2 protein chains.
Amino acid sequence: VTAAPRAVVLVTGDEVLRGRVSDRNGAHLSRRLDAAGVHVEAVSIIGDRLDGIRDAVGAALSRGIDLICTTGGLGPTHDDLTMAAVAAAAGRDLPVDPTALAMVEGRSAGIDAGPASAERTRRKQASLPFGASVIPPAGTAPGCVLTVGSSVIVVLPGPPWELRAMWEAVSHDDPALVALLGRASVPDERIVRIHGIGESRLVEVLEERGAPAAGGLMFGVCAKDAELELTLRGDATAADRLLNHLVGRLGDGVFSSDGTTLDALIASTLTRRGETVAVAESCTGGALGARLTAATGASAFMRGGIIAYSNAIKRDLLGVEPGLLDRHGAVSAECAAAMADGARAALGSTWALSVTGIAGPGGGGPGKPVGLVYLGRGGPTGTVVEEHRFRGDRDEVRRRSLAAALHLLRKGL
Amino acid sequence: VTAAPRAVVLVTGDEVLRGRVSDRNGAHLSRRLDAAGVHVEAVSIIGDRLDGIRDAVGAALSRGIDLICTTGGLGPTHDDLTMAAVAAAAGRDLPVDPTALAMVEGRSAGIDAGPASAERTRRKQASLPFGASVIPPAGTAPGCVLTVGSSVIVVLPGPPWELRAMWEAVSHDDPALVALLGRASVPDERIVRIHGIGESRLVEVLEERGAPAAGGLMFGVCAKDAELELTLRGDATAADRLLNHLVGRLGDGVFSSDGTTLDALIASTLTRRGETVAVAESCTGGALGARLTAATGASAFMRGGIIAYSNAIKRDLLGVEPGLLDRHGAVSAECAAAMADGARAALGSTWALSVTGIAGPGGGGPGKPVGLVYLGRGGPTGTVVEEHRFRGDRDEVRRRSLAAALHLLRKGL
């Protein structure tokens with residue numbers, strides 16, 4: 001048994017370091033690497049300074065890290081310094097690479113700068129550390145792969161979709177990277193998803209079977225949104241036994257035992273049955289519809305929805321009776337039920353989900369605090385309403401509402 | 001002039017390091033620290049191992065970093081180790097803090113574990129490094145502030161809303177942290193937002209005035225979504241002059257010169273005028289509505305919308321003629337215009353925005369490739385349509401569509 005290759009991810013960019021942009025690349029790369037069996041030691045966000053990037057790459061090289069991925073700093077401006085920093089860390093020159101130059105020239109139709117400046121930009125973006133192999137650009141900037149001793153450095157751009165596309169390509173095409181990934185073994189792992197159970201309770205149930213470390217299993221618990229994600233690594237038979245124990249104790253709180261996400265479970269169930277869903281959203285403003293359509297294939301089951309942010313829309317488009325709104329208010333179980341029924345009727349769907357609540361920070365009052373959210377589910381077996389009192393700020397209340405609404409649908413399917 | 005306090009942010013958690021959860025805390029803290037004039041040197045994501053966290057905190061202490069913020073690892077499970085790691089790095093014991101214990105007991109009503117396990121959990125979550133002052137929990141886990149030599153360590157929880165609330169509290173309440181932040185001076189900075197101009201073109205225009213470093217100005221350019229964010233730091237008069245130059249050369253591509261975001265600009269303009277907006281969304285599935293309602297105060301201008309993911313909904317709820325759909329298809333300028341007009345009529349709003357396109361990866365065809373998106377704007381001065389051909393994957397095409405739709409609205413206001 002050889003040890004898993006070790007990796008670090010270096011996210012460069014003052015805009016990320018200063019929180020102006022949320023990094024999405026570090027999580028993407030570490031997820032991909034983790035799935036391939038590479039051990040990611042750290043993801044570090046550092047600034048746009050040449051010496052800072054050089055030192056971080058150099059430190060990883062001197063520690064014998066097998067794979068060093070950098071993101072960002074490949075653009076045309078003077079603070080795009082990653083190629084120069086990697087060259088400096090590796091003790092290499094930074095010549096213009098003719099292959100990269102041809103790629104950049106083929107991509108630069110959209111650049112609206114003058115000719116002299118454009119030429120300088122192209123040459124800058126085509127300058128790679130000596131000995132590197134170019135990664136063809138998905139957008140405008142090429143990346144590169146550079147082998148230094150036993151380490152492989154992969155230099156990728158900052159725009160997330162470019163990074164995603166170029167990583168997929170290079171991880172299948174580049175001989176040095178393919179060889180490195182070939183030394184990793186994909187972990188024997190099972191992901192279990194649990195809803196409606198507290199983290200403490202889950203730990204207690206796990207410990208009934210002597211976990212952690214029961215029968216050579218490693219486990220980790222991650223709480224996100226309204227669910228717990230339990231990762232089991234190690235002996236598959238022991239994992240099966242522990243899973244049976246969990247299901248016995250926690251019942252259908254264990255909603256996924258093979259890693260399938262809530263969203264994928266709903267999509268596949270609806271698609272398989274030929275059923276459809278519609279939404280009626282107030283405080284979430286469309287975010288539930290956006291989540292239901294985030295993955296490809298949503299047109300098989302998603303009909304659409306009505307964003308009824310104002311009461312007039314609840315009345316006019318969802319058919320919520322004005323008297324009901326007067327008596328109970330828009331944030332009420334009655335309104336959630338009427339919204340779900342109204343959406344199902346207006347959109348002709350098998351199922352409908354409704355959300356009405358007080359996301360805050362304003363709008364709360366006596367008996368109706370910020371965080372009070374009513375969810376409705378209309379469907380073939382009738383209409384069901386849930387009341388939730390979420391803690392947290394506006395963003396958190398909206399996120400929690402989405403997760404709870406999808407679980408409400410799941411429980412109906 | 002004293003140097004700005006230096007900070008590092010240590011994000012702990014295998015689930016973050018392995019990309020199962022996207023970190024939002026690092027960006028939040030670095031944005032808050034940057035705005036306060038603290039220089040964030042790095043944001044590092046590290047695993048849940050005691051020695052790894054201890055070593056990272058210890059390295060920052062030995063480098064004399066003024067402020068070390070940790071996030072995550074304060075939960076009840078065995079892999080929640082941050083308090084123990086910070087104590088080890090500081091050479092302190094880890095006693096149960098009576099104040100923290102009382103807070104945890106007051107918060108534990110929601111914990112559904114048995115009594116013995118719950119007691120152990122509470123004592124674990126109330127154990128702080130000796131000499132630390134407790135940060136009252138927003139959720140269930142308290143944090144702490146610990147002064148070690150000239151460094152201040154702030155230990156915060158992982159759930160983003162808890163972290164946000166506890167940071168706001170402690171940054172105003174804790175004497176050591178308040179003193180540290182008092183030594184920072186808020187930077188003299190101007191943020192300029194530009195739309196429809198390439199990064200290369202912007203750099204060229206900046207260089208006409210001798211920038212970078214023109215008249216003692218520092219600048220940085222950050223490309224995100226469909227805009228460029230230009231940050232100018234230094235002499236305010238020089239910044240004014242450079243800004244005038246930019247406006248002269250780039251016209252109303254410069255849509256914000258005081259940092260106001262596109263979203264805030266739209267919200268304030270609509271609110272001030274007493275105008276309203278509605279949306280009609282196909283490929284974005286509700287994400288435009290979600291974005292328009294993400295900030296508080298949206299009920300002043302947002303009426304709602306129709307998510308018309310299927311053609312039947314475009315026809316039935318937005319009044320798009322079946323003949324139009326047959327002749328031009330749902331992804332067409334004609335359909336975008338009809339959707340915007342239909343939403344404006346159905347929702348009675350001043351303005352309406354529509355989105356119809358092919359987000360991919362499937363659904364493209366000859367003449368209608370993935371990334372083809374039509375946007376419509378209905379309003380008092382008529383209906384306008386834009387055609388876009390976005391590069392990127394599904395997520396990117398949807399994001400770009402939102403940004404372009406909001407810019408289309410802005411240009412109409």
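Helices (H or I, at least four residues) and strands (E, at least two) are DSSP runs, numbered from the N terminus. The model is predicted: local features need pLDDT of at least 70, side-chain atom pairs count only at pLDDT 80 or more, and totals for chains, interfaces and linings use all residues. Residues are numbered from 1 along each chain as its sequence is written, chains are lettered from A and ligands numbered from 1 in the order in which they are written, and side-chain values use heavy atoms, with hydrogens and water left out.

**Exercise 1. Describe how H2(B) packs on H7(B).**

Two packed helices are described by the angle between their axes and the distance between the axes. Axes are lines fitted to C-alpha atoms, for helices over the stretch in contact, and angles run from 0 to 180 degrees between N-to-C directions.

Step one: geometry. The axes of H2(B) and H7(B) (residues 160-173) come within 10 Å and cross at roughly 20 degrees. H2(B) is therefore roughly parallel to H7(B). Angles under 35 degrees count as roughly parallel, over 145 as roughly antiparallel, 65 to 115 as roughly perpendicular and the rest as oblique.

Step two: hand. H2(B) passes H7(B) in a right-handed crossing. A crossing is left-handed if the near helix is turned anticlockwise from the far one by less than a right angle, and right-handed if clockwise.

Step three: contact (heavy atoms within 4.5 Å). H2(B) supplies Asn25(B), His28(B), Leu29(B), Arg32(B) and Leu33(B). H7(B) supplies Pro160(B), Leu163(B), Arg164(B), Trp167(B) and Glu168(B). By class, that gives five nonpolar, two polar and three charged residues. Ala, Val, Leu, Ile, Met, Phe, Trp, Tyr, Cys and Pro count as nonpolar, Asp, Glu, Lys and Arg as charged, and the others, Gly among them, as polar.

**Exercise 2. Treat H3(B) and H4(B) likewise.**

H3(B) (residues 50-62) and H4(B) (residues 82-90) pack at about 45 degrees, with axes 8 Å apart. The pair is therefore oblique. H3(B) passes H4(B) in a right-handed crossing.

From H3(B), the contact includes Leu50(B), Ile53(B) and Val57(B). From H4(B), it includes Ala84(B), Ala85(B) and Val86(B). The contact residues divide into nine nonpolar, two polar and one charged.

**Exercise 3. Which residues lie closest to the centre of the largest cavity?**

On a 1 Å grid over the protein atoms alone, a cavity is a set of points where a 1.4 Å probe fits but cannot get out; lining residues have an atom within 4 Å of a point.

The structure holds one cavity of 30 Å³ or more. The largest cavity has about 130 Å³ of space. Of its 14 lining residues, the closest to its centre are Asp23(A), Ile45(A), Ser22(B), Asp23(B) and Ile45(B). A volume is the space filled by probe spheres set on the grid points, which are joined across faces, edges and corners.

Methods. 1 Å grid on protein atoms, 1.4 Å probe; cavity = no way out; pocket = protein on both sides within 12 Å on 5 of 7 lines; lining within 4 Å.
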